[in-house]
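Subject: Structure handover

Hi there,

Here is the structure I promised to pass on. Have a look at it first, and then read on for what turned up.

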Amino acid sequence: MTHKVAVLGTGKIGEALLSGMIRAGWAPQDLLVTARRPERAEELRSRYGVTPVTNPEAAKTADTLILTVKPQDMTTLLEELAPHIPTGRLVISGAAGITTSLIEEHLAQGTPVVRVMTNTPALVDEAMSVISAGSHASQADLAHAEEIFGAVGKTLRVPEAQQDACTALSGSGPAYFFYLVEAMTDAGILLGLPRDKAHDLIVQSAIGAATMLRDSGEHPVKLRENVTSPAGTTINAIRELENHGVRAALIAALEAARDRSRELASGSSS
């Protein structure tokens, strides 16, 4: 039997998920999409061979619904879907800060809900997707969510109480690295390098460092120490980072991101 999956509110992340699923072996005819603009839906049909539908049609016909709308649009979407979702239909939410309990409140009693926080490296099949079960989700539901999001990267199960922290670390995480690369590129220009050369040097260094972190099994402190010679260039740079409170700033930044995730769950949009 075929299993139909619908991606609702298909933006960049939703499209990356569709693309990854097709590469992983899902049949395009089993994938449904919804989009706010009709021309966007037709674009997805033309590009991937998937079927555009309305939100109510998706709720009625798909076996799994993946909600990829913005957090502030979730309540409106749930109100539209609720009359059409049969009990037992798996609902996966990819909206930052939106709890499974909030979604369950809008749907029929017993509806299984899974919460997933992924990130933009899904666009290059290197996402980190964090998965949590709602009160009615089974192990099979979690495994199905892992199968879907595993098409675009790595998955990790965590208790839902840890989702706001994961949103701060990995959901928003790519932005921190982009910010660091931007700052280091500016530093390279200040040191006399052309922008394109500074960019290439930093990006390849980042790729190499990330690969070592992933594959070596070494603690990041050990890897940093391996680069840090006594009285050398690196230790002088590290000293300046510490003098300027970079470590403390990062901790404060991640706490701010976590707090904002909690605010989104409470319905604050300001």
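Which residue is the bridge partner of M128 in strand 8? It is K154. The chain goes from strand 7 through helix 6 to strand 8 in a right-handed β-α-β crossover (right-handed if, with the strands pointing away from the viewer, the path from the first strand over the helix to the second runs clockwise). Helices (H or I, at least four residues) and strands (E, at least two) are DSSP runs, numbered from the N terminus.

Before the rest, some ground rules. This is a predicted model, in which local features need pLDDT of at least 70 and side-chain atom pairs count only at pLDDT 80 or more, while totals for chains, interfaces and linings use all residues. Residues are numbered from 1 along each chain as its sequence is written, and side-chain values use heavy atoms, with hydrogens and water left out.

The open sheet has 8 strands in the order 3-2-1-4-5-6-7-8, with mixed pairing; two strands pair if DSSP finds at least two bridges between them. Strand 3 (51-52) and strand 8 (153-157) are at the edges with a single partner strand each, so one side of each has no neighbour in the sheet.

Going along part of that order, strand 5 (residues 90-93) pairs with strand 6 (residues 113-117) in the parallel sense over 3 bridges, and S93 has R115 of strand 6 as its bridge partner. Strand 6 and strand 7 are antiparallel, over 4 bridges, and M117 is opposite V130 in strand 7. Strand 7 and strand 8 are parallel again, over 5 bridges. Strand 7 is largely enclosed by the rest of the structure, because 5 of its 7 residues are buried (buried means under 20% relative accessible area, exposed over 50%, partly exposed in between, with a 1.4 Å probe and protein chains only).

**Helices across the sheet**

Helix 1 (residues 12-23) lies across strand 1 (5-8), strand 2 (31-34) and strand 4 (64-67), and runs at about 170° to strand 2. Axes are lines fitted to C-alpha atoms, for helices over the stretch in contact, and angles run from 0 to 180 degrees between N-to-C directions; contact means heavy atoms within 4.5 Å. Helix 6 (residues 139-149) lies across several strands, including strand 7 (127-133), and runs at about 160° to strand 8. In helix 6 you will find A140, which is exposed at 54% relative accessibility. Its C-alpha atom is 45 Å from that of M184, 44 residues away along the chain.

UniProt (unreviewed entry) puts a "binding site" feature at N55; positions follow the numbering used here, feature names are shortened, and annotations may be inferred rather than shown by experiment. N55 belongs to helix 3 (residues 55-61) and is buried at 16% relative accessible area. Its side chain makes a polar contact of 2.9 Å with that of T34 (a pair of N or O atoms within 3.5 Å; within protein, one must be able to donate a hydrogen and the other to accept it, and residues adjacent in sequence count only if both atoms are side-chain atoms).

T10 sits in the loop between strand 1 and helix 1 and is buried too, at 4%. A polar atom of the T10 side chain lies 3.1 Å from the backbone oxygen of V7. Leaving out residues up to four places away in sequence, T10 touches several residues, among them T34, R40 and T68.

Happy browsing!
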